[in-house]
Amino acid sequence: MRLTKFILSRIMVWLLTILVGITVVFFLQRMMPSDPIETMISKMTSMGTNLSPEALEAMRESLRRQYGLEGTLFEQYLSTITRLVHFDFGLSMANYPTPVAQMIGQALPYTVCLLMTTTILSWIIGNAIGLLAGFKKNKWYSKTLETVSMCIYPTPYFMVALVIMILMAYVKQWFPLVPSFDDFTFTWAWFSDAVYNSFMPALSLMLVGTGWWIISMKALSSNVAEEEYVNYGRMKGLTEATIGYRYVFRNSILSQVTALALHIGGAFGGSLMCEIIFGYPGVGQMVNTAINNSDYNLLTGVIFISIFAVATATLLIDLIYPLIDPRIRNS
Amino acid sequence: MKKILSLAIIAMMLMAMATSFAFAEETTIAGTPRSQTLVVENLVGVVSNPGQHNPYMSGTNFDGGLRQLVFSNLWEMNTIQGVQIPDLAAEMPTPLNDDYTSFSIKLTEGIKWSDGEDFDAEDVVFTINELLRLQDQLPLAASLATHVESCEYVDKYELIINTVGSHPRLAEDLGVTVCGNDILRIIPEHYWKDHDLTTDLWEDPIGTGPYTLTDYDPNGYWFLYTLREDAEFSDIGVLTGKVPKPQYVLFTAYGTEERKTMAMLNNEVDVLCDISPEAWEVLQAGNPNVACWLPEYPYGCFDDPCERGIQFNCDVEPFDQIGVRWAMALSLDIVQVSMDTFSGQMRVSPLCMPPTTFMSEAFHKEMRQQLIDYTWEDGYQPFDKDYALKLQETLLSEGYDIVADMTEEELVDLFGIGWWKYDTAKAEELMIEAGCERDSEGFWCYNGERITFEIVAPSGFETQSERLAYACQSQWYEFGFDVTVQASEASYFHNCASPGNYTAGAWWPSCGVMQDLYSQLRGWHSDYYRPIGESSVGSTSRFESERLDAILDEMAPLPSGEETYELSKEALMVMADEVAWLPMFGTSKLVPTNSTYWTNFPDSENPYNGPWWWWSCFKFIITELEPVAA
């Protein structure tokens with residue numbers, strides 16, 4: 001009974017999070033001083049296109065009908081919520097009549113693959129190094145690793161990304177300045193091409209990401225290593241490897257798992273700066289375009305997926321926490 | 001086992017990279033031989049729906065080569081001579097009555113669609129009638145329906161267009177003047193009679209231009225066009241008798257300025273659309289094959305058809321007063337504004353039209369004496385004809401010895417005819433006359449309140465306008481205005497002007513390429529005035545002028561000619577006199593080309609066309625390009 005109540009309460013919070021998130025996004029977009037119709041017309045006329053006032057007026061009215069922006073704000077809100085319940089994101093306004101789901105479906109795999117891979121790899125590498133740096137903090141290699149990570153972590157991401165791009169794509173020309181991915185096929189050629197085109201953004205994200213995991217894990221593990229039960233383990237004559245794994249690592253990793261889950265959930269929102277700098281075809285770049293075009297439907301679709309992913313990741317973590325931590329399980 | 005697996009994965013990755021390196025060295029990103037491919041930057045960047053080419057869907061993007069290479073217009077623009085020229089139409093429209101409501105259109109014979117079918121009047125009649133039928137469903141068709149009432153087939157190469165009201169400038173509404181024409185693109189009847197224009201994306205478009213779209217990146221980064229085997233039957237082939245030399249044209253999105261600069265330094269791209277002076281310096285220093293419009297300082301091309309400056313909202317106090325708007329002009333040191341914006345690399349213009357080579361001859365130089373003589377009721381003459389000389393002085397003092405030996409006439413040709421005086425004393429006088437006074441801190445006040453406003457400026461795009469805003473802001477602040485710059489992303493920037501949610505904006509509200517300015521200025525008529533809060537259909541400045549209305553009313557029924565030219569000059573003078581907005585400079589475009597693979601790009605010494613790669617006239621340029629290998 002207690003378990004059912006626990007699960008139901010978590011699911012309610014999950015539902016509420018999504019509903020509040022979408023409501024905020026919907027009204028925030030409408031409150032912003034931007035309008036997809038004016039943006040489209042303004043872009044057209046700013047290129048110098050010669051449109052008579054009458055033609056402009058006719059186009060504006062027609063676009064309003066086409067984009068479904070007629071009716072009261074509340075009617076539009078209800079219509080949006082109804083669509084989202086069925087995972088129907090509508091049609092992109094700036095790319096009319098391309099379905100938003102199709103656009104997200106095109107971009108999301110790139111983002112998820114890139115960010116999931118780099119997040120998990122940097123999590124593993126960073127935590128391993130951080131554990132070493134925290135548990136064996138007086139060793140020379142721990143100090144060296146800590147110093148390196150302290151240097152990389154505060155470096156602005158764009159700086160790291162630009163240096164990588166200049167060195168690898170311009171000076172050495174090892175990688176392309178413009179990434180190009182074919183439609184997915186389960187072939188070696190596609191896979192090798194994808195690795196080749198994703199290498200620079202992945203490297204930049206891993207360099208910066210690893211720095212954070214090293215620092216946080218080092219802080220956690222050095223604290224745990226000072227605990228009395230660790231000293232007790234030593235006095236009992238346990239090996240350093242056993243202490244390191246069973247006492248220090250397992251007690252330090254819990255909050256890192258939570259942070260990893262949130263990072264992975266956030267991956268669905270894309271990495272704006274990385275995708276813009278490297279021209280990577282992911283969701284971050286799409287969000288940027290959607291904002292610039294006031295594309296309500298596309299923006300709502302992307303944010304919905306992001307909220308859904310983060311809320312779901314949090315829900316799952318809440319549900320599996322008891323499996324990882326015996327203290328929670330037993331309480 | 002784990003070690004073997006790891007080594008195998010690393011080996012596979014290295015092999016993949018090695019394969020890709022070899023691939024990248026010899027071919028373009030689309031896999032075509034680099035030496036046979038002209039690579040052009042796609043001005044709008046990544047296209048999110050690359051498979052959509054239906055020209056009447058509002059979300060279709062044309063900047064990635066469709067406008068330039070595949071589709072054609074009835075009438076094109078000769079940007080050098082400032083006149084429209086026939087394209088799919090064999091000649092300019094012939095009016096069939098005195099009130100200009102019915103026109104005969106004769107078509108160019110011998111043009112074929114890229115699938116081999118003849119282009120003829122059936123296509124044009126079908127296009128127009130289909131659009132009129134679908135005007136309630138297609139926004140672009142709704143716009144066309146405000147011009148065209150009906151269309152009749154006469155014979156294979158002739159048709160009649162009946163207009164909604166008088167249309168003495170029909171070719172301007174249905175053909176190209178600037179960039180392209182969005183509301184009428186002729187489509188093939190033989191394809192569309194069996195397809196729905198409202199739903200069919202048209203993934204494999206059929207055009208009358210010299211190239212066909214043969215491949216594109218599924219993520220919208222590049223579009224590959226291949227020369228038609230029968231390119232001599234394309235519109236360009238028939239009109240010029242020439243066939244382009246590049247077998248392929250690749251439009252590619254490079255994104256940030258750093259990437260596009262590196263791409264040109266590495267000879268990956270032949271044409272860039274617009275870069276900053278700083279990026280140009282890097283390119284110039286790093287690649288000897290890169291060139292701009294001018295061989296020497298100021299390098300850029302000043303022939304872009306839009307004029308830039310600051311527009312005030314004439315419904316916002318105290319900018320509703322002409323005197324205050326004049327004070328804004330006279331409190332600017334335009335030489336310093338030019339230096340702060342683009343290091344002097346711009347051509348100045350006090351008129352609401354860009355000082356392109358053609359427009360300068362037609363208007364700016366023509367009206368220079370009139371501007372010099374221009375006198376207010378109090379005897380004050382606000383025009384300063386010595387701008388070019390002063391700019392030269394400043395440039396020389398800052399080490400630009402490149403302009404040292406130019407005559408005054410050459411300087412005026414290069415930097416413009418002059419602008420308004422920098423006269424803060426007169427500006428002060430005008431502010432006081434307008435009822436303004438300074439507060440204890442020296443800031444200007446109106447009705448007891450400090451005049452505080454923002455200049456809305458683009459952020460991260462349209463660099464010239466962005467920098468111009470900051471340059472003006474600092475001078476106006478010095479003069480006593482509590483002014484800041486609101487650097488805005490595209491969505492906010494593009495939404496300020498229409499509903500009037502701004503006080504001042506760094507914009508380009510008037511463009512022009514021809515002697516008859518009616519089509520470009522008609523939106524400034526007060527009939528199209530809309531109060532703040534309502535979307536504008538004409539001028540977004542909320543400017544109203546009975547004098548300008550009278551001139552526009554006089555121009556409206558007249559066909560283009562000497563009379564409309566004279567009236568155009570009068571209109572410009574009224575707009576200057578009443579400061580409809582504050583024009584400052586023509587657009588300075590640094591449009592670099594790379595002659596590593598292709599040569600004979602247009603430039604100031606060989607100006608067979610303007611460097612407008614994003615315009616539909618690009619296809620007239622491409623026939624002139626020569627491969628270096630040849």
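The structure is a predicted model, in which local features need pLDDT of at least 70 and side-chain atom pairs count only at pLDDT 80 or more, whereas totals for chains, interfaces and linings use all residues. Residues are numbered from 1 along each chain as its sequence is written, and chains are lettered from A and ligands numbered from 1 in the order in which they are written.

Chain A contains 14 helices and zero strands, where helices (H or I, at least four residues) and strands (E, at least two) are DSSP runs numbered from the N terminus. Along the principal axes, the C-alpha atoms of chain A fill a box of roughly 90 × 65 × 40 Å. Of its 331 residues, 44% are buried; a residue is buried if 20 or more other C-beta atoms, placed from the backbone, lie within 10 Å of its own, exposed if 12 or fewer, and partly exposed in between. Among contacts in chain A between residues at least 6 apart in sequence, 73% join residues at least 24 apart, a contact being a pair of residues whose C-beta atoms, placed from the backbone, lie within 7 Å.

The contact between the chains takes 62 residues from chain A and 66 residues from chain B. Several helices of chain A each supply at least two residues to the side that touches chain B, including α2 (36–46), α5 (100–135) and α8 (188–224). The largest share of this side, 11 residues, comes from α3(A).

The largest nonpolar core has 249 residues, such a core being a set of buried Ala, Val, Leu, Ile, Met, Phe, Trp, Tyr and Cys residues joined through C-beta atoms within 7 Å. Val302(A), Trp222(B) and Val249(B) are among the residues with the most contacts inside this core. Helix α13 (residues 296–324) of chain A gives the most to the core, with nine residues. A second, separate core of 18 residues includes Leu132(A), Ile215(A), Val224(A) and Leu260(A).

In chain B, three strands form an open, antiparallel sheet in the order β15-β16-β17; two strands pair if DSSP finds at least two bridges between them. Strands β15 (436–438) and β17 (449–450) of chain B stand at the edges with a single partner strand each, so one side of each is left without a neighbour in the sheet. Three bridges join β15(B) to the antiparallel strand β16 (residues 444–446) of chain B, and Glu437(B) stands opposite Cys445(B) in β16(B).

Technical notes:
Two residues are in contact if their C-beta atoms, placed from the backbone, lie within 7 Å.
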